[in-house]
Number of protein chains: 2
Amino acid sequence: MSDVSTTWEHPRASLYTDHYELTMVQAALESGAAHRRSVFEVFGRRLPDGRRYGVVAGTGRLLEGLKNFRFGPDELDFLRGTGVVNEKTLAFLASYRFSGNIWGYAEGELYFPNSPILVIESTFAEACILETYVLSVLNHDSAIASAASRMALAARGRPCIEMGSRRTHEESAVAAARASVIAGFASTSNLEAGLRYGLKTFGSAAHSFTLLHDTEREAFQAQLSSLGPGTSLLVDTYDVEKAVRTAVELAGDKLGAVRLDSGDLVAQAQWVRQLLDSLGAVNTRIVVTSDLDEYAIAALQSAPVDSYGVGTSLVTGSGAPTAGMVYKLVSRSDDEGGFVSVAKAAKNKASVGGRKYALRRLDENGTATEELIGIGHRPADDGNDRELLVPLVQDGTVLPGWTGPAAVLRARERHAASMAEMPPSVNRLQRGEPVIPTVYEQAPLTQDTPMTQEAS
Amino acid sequence: MSDVSTTWEHPRASLYTDHYELTMVQAALESGAAHRRSVFEVFGRRLPDGRRYGVVAGTGRLLEGLKNFRFGPDELDFLRGTGVVNEKTLAFLASYRFSGNIWGYAEGELYFPNSPILVIESTFAEACILETYVLSVLNHDSAIASAASRMALAARGRPCIEMGSRRTHEESAVAAARASVIAGFASTSNLEAGLRYGLKTFGSAAHSFTLLHDTEREAFQAQLSSLGPGTSLLVDTYDVEKAVRTAVELAGDKLGAVRLDSGDLVAQAQWVRQLLDSLGAVNTRIVVTSDLDEYAIAALQSAPVDSYGVGTSLVTGSGAPTAGMVYKLVSRSDDEGGFVSVAKAAKNKASVGGRKYALRRLDENGTATEELIGIGHRPADDGNDRELLVPLVQDGTVLPGWTGPAAVLRARERHAASMAEMPPSVNRLQRGEPVIPTVYEQAPLTQDTPMTQEAS
């Protein structure tokens, strides 16, 4: 990753919001309850079907956006002109600035069913209007990171390159590149992600470049003379064998890589490797890029492939395009100022009320055994446990180190360390139960105490 | 839809681009082929599994972005600093301005396998670097519109409300709202989409609003007094029957709607309707919003439901989160200036070379029978046929009427008209073959003639 400092400015984030968040603020201002201290929690009721773990991503983007979560003249004019809320609410929004506290799982951390991924403490009105935006960012980025992590795992150290920009919304593509690198990918094809987050970008040529020229030989010659012999030549436009021979003839044993984008990749990689070796191009790498997912990558493990380019499956979350996290009010103050745990009672979507605290329980070898959740208080640490909720925002100020390119590096390290802590079953791609169980500590309290900086 | 004029400015779009697009430009500038006239085509090899039609969406967004597809100092500094391309290429990019022509299926139009959805004619270099961005926009927005169209169809005239913002990237959410309305949705919860495209927005309150108050009655009272009796009360936080009785007691027969967000919606809608009627609230509507997709909507057809709020399934394309369109060089000039059809030969991803022309063949009743594609020339019109490729960009200028809020209305009308042309099998939700077959007219030419304005 380069340390290019980004010139990118986050767009205004305040209208990435559902209409009902603002009408709730209006009605709560009316009833006076808008100012009740409230604790909202982000969690997923379950992992995507058969997945063994999820990866938290998007936290850095979320905090970057939080700094620009303001209602300026354009937003206020729109809300006034369309009558979404009344003048009293517009006045509240005009001076809106999140002044509360946010704790969360560090970006890159693993999560499990009911892990309290983010805890937001503020007034109801201040925290309520962040709901849609918070969920958009975390649900998207975590879905991508969760898929990317399994792919990187399946690749067992061979570099994976994120190449899915064209298969998802142009801004999702930037976030997907970022999330992939956090979860272990080596680089991305997406230039905007390179600019914003200092990610390493990668690419050389597509079939159209070969088709543009009168012969494949002319195309290869043009690419080699412009990009140097270290480039990657795409060899499957016409006949792979002929292309590989031409490539080595033109570039010699300095040829960086050949790319295969179609056909039976396992068999093809085998004979292309033999052909390259027989031609003396023993250091020329083989890149494969045809509709790969974690299972295809695993199947290629025995083939002489040097790196994987992954597109569609990655940016669509490999079957789970959204992480399914929700944002729920779990505790709020009453007229006496005490905190009361709250939860919806409806049958198929029940939640556990009360403010949560979370530890990753580790055994004496440092291997994770449980996701331990305390309700209303921090669970007792048995000595090896790791605190999962870290402070991100304090009295409205985003704490240093959680945003920008540095946060991506930090999240990548967190992810690698958390993966290393997991028991061996984390490596299983097949469907199954979560790697570790989520355990609630006994004796949930109904009367919460506010989370203190110390407790986190 | 309101006619609020948007104050939103499209961000720079030039780096929503894969690294290899720019290295291809560099190598083609080196070989001289960069300036060859080229025709690229966007098409999908197939529809998502079992789907009978797709809906083109994103065209307006794409054209808005094309106006801002420029390389400014920030982008050039980044590309120079990271060494993505050389100085000669940077000079080309600094003065980049698309000067070619684009024809496409009108936004909202239906498409089928191999429909030539967009045709881009320019120099290779000018058209090549649009690839990633063009595909990102069309693949995302068309995936959402294709899912939304089936949901609107299943709703048979009952209004559908797009509510999926929280389940997808915050910018995808805006595009998804736009695509849904094009495909027949009545409104959206997304405020940013309201601001940018003049879409009608909708929403009232979530469970957190009820939980914030000491009793459900207090919450309902606050909402009614602030938002008026026409609001929609969420009645499933605790006990539905009790909530409905409280709601009508407080709001009387002027209560706008009750919302059900959990449980067996068919059975529940039945008895809630009876209860509302028995309490005299005969005009109070029932809105349902719990994990709906096109099949759940169809199953609710017999239930007394007035509108559907659709979230996750919509913004993830109901199982097909990307449309799978590709952008291929199909024809380019040679050194003599004539056009040559080109296509990749690789086995599992073969394309049909040559510039395409497309007509929707209609029978004497105006019902569609074929997607008729001519290669290298326009197919003969049998008198009832409808031209599918319309001019969008001429000599680099985006033609009026295809961008902004007006384009959304126009696309919505196009979609409705195209749906009305289809045979009855378009109404089948179950998996099957495309509603009409894609037919290539006989006698493909290998030597293309440039598309003229007249021919389109």
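Visitor: How much space lies in the largest cavity?
Guide: Happy to start there, with the reminder that this is a predicted model. A search of the whole structure turns up 9 cavities of 30 Å³ or more. The space in the largest cavity comes to about 160 Å³.

Visitor: Which of the lining residues are the closest to the centre of the largest cavity?
Guide: The lining of that cavity is made of 17 residues. By class they split into 6 nonpolar, 9 polar and 2 charged residues. Closest to the centre are Thr168(A), Pro321(A), Thr168(B), Val315(B) and Pro321(B).

Visitor: How much area do chain A and chain B bury between them?
Guide: The contact draws 101 residues from chain A and 100 residues from chain B. Of the buried area, 57% is on carbon and sulfur atoms. The total buried between the two chains is about 8300 Å².

Visitor: Within chain A, how much area do domain 1 and domain 2 bury between them?
Guide: Domain 1 covers 35-129 + 324-448, while domain 2 covers 145-319. Their centres, taken over C-alpha atoms, are separated by 36 Å. The contact takes 23 residues from domain 1 of chain A and 24 residues from domain 2 of chain A. Between them the two domains bury about 1900 Å².

Visitor: How far apart are the end C-alpha atoms of residues 15-139 of chain A?
Guide: UniProt, in an unreviewed entry, places the feature "domain: Nicotinate phosphoribosyltransferase N-terminal" at this span. The span is 42% helix and 18% strand. Its end C-alpha atoms lie 18 Å apart.

Visitor: Let's finish with a single residue. Which residues does Ser351(A) touch, leaving out those up to four places away in sequence?
Guide: Ser351(A) sits in the loop between β13 (339-341) and β14 (356-362) of chain A. Counting heavy atoms within 4.5 Å as contact, Ser351(A) touches Phe43(A), Arg45(A), Lys328(A), Ala343(A) and Lys344(A).

Terms used:
Residues numbered from 1 in each chain as written. Chains lettered and ligands numbered in written order. Predicted model: local features only at pLDDT ≥ 70, side-chain atom pairs only at ≥ 80, totals over all residues. Heavy atoms only, no water. 1 Å grid on protein atoms, 1.4 Å probe; cavity = no way out; pocket = protein on both sides within 12 Å on 5 of 7 lines; lining within 4 Å. Points joined across faces, edges and corners; volume = space filled by probe spheres on them. Nonpolar A, V, L, I, M, F, W, Y, C, P; charged D, E, K, R; others polar. UniProt positions renumbered as here; feature names shortened; annotations may be inferred. Helix = DSSP H or I, 4+ residues; strand = E, 2+ residues; numbered from the N terminus. Domains from an automatic or database assignment. Buried area = accessible area lost by both parts, 1.4 Å probe.
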